[in-house]
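Here are my notes on the model, as numbered points. Please read them with the structure open.

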Amino acid sequence: MASVLSPVMVGRTGQLSALQAGLDAVAAGHGATFVLMGEPGVGKSRLLREVRRCAVERGMSVLVGRAAETTVPLPFRPISEALLAACRGGRVGDDPAVAPFRSTLGSLVPEWSEPGTTASEVSLLHVAEGFLRVARCLGRACGAVVLLDDLQWADGESLGVLEYLADNVSEEPVLVVAATRSDSTSQGVAALIALADRRVASLLELSRLTPEQSVEMTRHCLGDARIPAAVLQIVIDRADGLPFFVEELLAALENDGALVWHGEQWVAEHPAVRVPASFAESVRRRTGQLTPSAREVLVDAALLGRLIDADLLATVAGADPVVVADALRAAEGRFLIEVHGSGFRFRHALTRDALLADLPPGDRPARARTVLDRLETAGAGLMSRSPEVMADLAETAMRHDVAVEHLLAVSRRALRQGALTSAESAQRRALELARGRELELEVTEALVETLGLAGRADDTFPLGEVLLARFESSAAALDPDGARRGAVHLALGRAAVAGTDWALAAVHLGAAGRHAAGPDLAGPLNALQAVVALGEGRLDDAGRLAADAVAAAERAGVPDLLCEALLVHGRCARIRDHDAAERAFARAHTVAHDAGLAHREARALAELGSVHAYRGLVTRLLESRRLAEACGAPETEAVAENHLAVAAWSRGDVDDILVHAAAVLQLARRYRLGLLVPAALIHQACAHAMRGDNAAVDALLAEAGPQITGEATQRISMHAHVRALCALAHDDTATAAREFAAAEDIVLSERPTAMPPLVSMAVLMRALDGVDPKQASSELRRRACAGPLFEAVLAAAEAVALGGRGEHPGATAAMSSALHDLGLNPLVHAMVARLVAPRAAAEGWGEPTRWLDVARATFEARGLRRPAQACRAALRGGGPIGGRPGGISARERDVLLLVAEGLPNRVIAERLYLSSRTVEKHVERLLAKTGSSNRAQLATYALRQDEDT
């Protein structure tokens, strides 16, 4: 069972950074004062606890005190509490610096009190200096931190001590952090603001969390498991971005059995809002200070929603507008409501819930019916102001059909905005109210459409199949023209596409076309069928269908359809033309943004980010992930995480690869996202390959392999980015060459939808064996567009070929360009340099010594022992013997000496960390240079050379 308390702080990065800097300064002997200010529940006390934890970890002493709300303020209460806790060890009072102030502090620390001293003799200045000396004494070793909370209730004496501390801690190893509410007009708030105005304290204001941050905090509270949309909606709607409310609402849902952990996910069992007891009591206390008539007006306002329109309220309350205005001003003075635009609103959404919860159960429906009747009498203009409010009001009034109609209106508006989580939440709530009623089928259809758009195959299919069965059994009555079945099949086809189940998607999309072949379906059908064709490797069909989808969507003039079509068109173009793909994705993003389609905008950002993923660029991907999570599009969230893993690979960042791959795997398994599961496993295998961890690589590929038998791109990655890379991490060039060649064979024999860039290493390996790279490079480029790393490796292969032909300036320029472009990925840069530098040294071109030295440092930093040893061995060899370009190079001399020992090429290759083919080439050149006709004569030559030296 996950905890409902968030283990991390969300949305407080700036404040935490400032406070961490304060702790750093204290460790260096310099103090500071900070003021935390924010409304109740915003997280001030939580932030103080985090500062305390960080201080304790650093070995600092911590003094903690808080003020309390009392009728008569107790002098020095927070200061006394902090001193009592600090002095329990018993030694502070004996410190020579503190001793002169013991009697003064005796009124605050009883064991230090002396007979005959009275409170009237206590000097505030002496107390303040004594407290500062205690803090200095405690912080002598590592520093001290003073944390004072709830200072809106602080007495004047405590505020005077705080002012003294703020004026004098700058040269002391003491950090002071004081927290206060912002919704108070007390002397404490004014005093703290004055400190900030005088610049002796830094003011850190805590604002409410954004909806996205509230969702993030909810995931931290409940563990990163699947959370029902209804629960997320309750948090967004009712917590108001206040961390305290987020945790309290979740705790109440769990304690009430409305939020249950089942298997690997949370399940919502008729979730309803229960106001936290402490907050309900606070509202009760404040409303008790209003007149009876003002309380009645406020309850009517609560029935009408959070926003308060005074004219509307007067109409439904049947009250004099002057009475309503007076009631609202009184409620504002009790911090129950606040000014909002030209009217008012409840200060917190939960304030409204608390007022309604206090109504007797029998009174609530009757009162809601009265308000609803008055609204209906007033006319449709008032009824249409807010479908959310009308749905709440109708549900409270027990008029469920009316509530369902308004909830469907809410969900349709949310879908138009791409807010899938909000749409699903409204639809599921409507479904509960519509059970057994005529509207149940319509609500279920709407929910299936939303779940299909979200790519939620696990939820879409059970509901969709039930709907199809109902429509088939009563087609004449329920679906005479087949349009409703066509829409359900379209949703199921969309969900199957998200799960990369191409065969199942084709079945449902075909059925959708047969049942409802009207113009409205042409665009989405063509777009989804293009994705299926792309997944099945039918690239020409995919391109044609995508173009037809764009044309149909443009004729229809519907932004949502146009976005979907452009996204598919861009994915088809991305195979061979990144610029064309980027133009399609950018246009989709513009259309989605202008139309307010959040889920389409998120996907467009993910696809735009994919174009630049192999350049390590992530800004668009991070924005896509944030937006997808906020609007409830888990498929897009997983796609963004997948591209983030690719970007991390391009940077050679193993830790980031693992973080993003784990996120992809979790989302893909949770929502049954098909090929994203093995994609995540292969990303993890790539990361472990970069560490040379054979065991981890084998385990991950054993799981991923069976899932990608028909998927060319993933199999290419498995050979080129995992097995070959792992072999090079062990300097096993022969195995690496075989794996790169296997990847290249897949590219040439199949039609992959993407080209993993290290396929081009197959061309480089053959170039090192003397094969001209020109034809192979051209063929790979014709197959797909793979980006800068791919081209950089081909440039290195061309450098090797130029060097072999004696075109040394060209070889040097090509290799320098290649290494520059490979700089993004330090490991691949090092591997290419390690392979090419010995050849360059042998032939007398380039800067092989520098290349090898950089490669060696990279390998050593990553703990890759064998390639580091190979670089050191090559560096020890130096340049060509005698400095003559046409003479025997250092590497050739190594081979010559091992030939003299009678070793075969395979063993020589293992000794020198070369491929057998490279050793063969070295032997051929040695035979030519020495005039020998066989290995025996070479051995004789070597012995004679050894005798001469």
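How much accessible surface does the protein have, and what share of it belongs to carbon and sulfur atoms?

1. Surface. The accessible surface comes to about 38800 Å², and 52% of that belongs to carbon and sulfur atoms. Areas were computed by the Shrake-Rupley method with a 1.4 Å probe, and for residues only the protein chains shown count as cover.

2. Basis. This is a predicted model, in which local features need pLDDT of at least 70 and side-chain atom pairs count only at pLDDT 80 or more, while totals for chains, interfaces and linings use all residues. Residues are numbered from 1 along each chain as its sequence is written, and side-chain values use heavy atoms, with hydrogens and water left out.

3. Overall build. The protein has 48 helices and 10 strands; these are DSSP runs numbered from the N terminus, with helices being H or I of at least four residues and strands E of at least two. Its C-alpha atoms fill a box of roughly 115 × 95 × 40 Å along the principal axes. Of the 949 residues, 55% are buried (buried is under 20% relative accessible area, exposed over 50%, partly exposed in between, with a 1.4 Å probe and protein chains only). Among contacts with a separation of 6 or more, 67% come from residues 24 or more positions apart (a contact means heavy atoms within 4.5 Å).

4. Charge. There are 101 positive and 119 negative side chains, and the centres of the two sets lie 4 Å apart. Lys and Arg count as positive and Asp and Glu as negative, with His and the chain ends not counted; each charge is placed at NZ of Lys, CZ of Arg, CG of Asp or CD of Glu.

5. Helix α35. In this helix, residues 694-704, the buried residues are A696, V697, L700, L701 and A704. Seen down the axis of α35, they fall within an arc of 120°, so they line one face of the helix (the arc is that of the directions from the helix axis to the C-beta atoms). An α-helix has 3.6 residues a turn, so residues three or four places apart point the same way. A695, D698, A699 and A702 are exposed on the other side of α35. The cover over its buried residues includes α34 (676-690) and α36 (712-729).

6. R574. This residue sits in the loop between α28 (559-573) and α29 (578-595). Beyond its neighbours within four places in sequence, R574 contacts A581, F585, E607, S610, H643 and C785. The side chains of R574 and E607 are joined by a polar contact of 2.7 Å (a pair of N or O atoms within 3.5 Å; within protein, one must be able to donate a hydrogen and the other to accept it, and residues adjacent in sequence count only if both atoms are side-chain atoms).

7. D240. Where is D240 placed? D240 is in the loop between α9 (229-238) and α10 (243-255), and at 10% relative accessibility D240 counts as buried. A polar atom of the D240 side chain lies 2.7 Å from the backbone nitrogen of A349. Phi of D240 is near 60°, a positive value in a residue other than glycine.

8. F335. Phi of F335 is near 60°, also a positive value in a residue other than glycine. F335 lies in the loop between α14 (321-333) and β9 (337-340), and counts as partly exposed at 34% relative accessibility.
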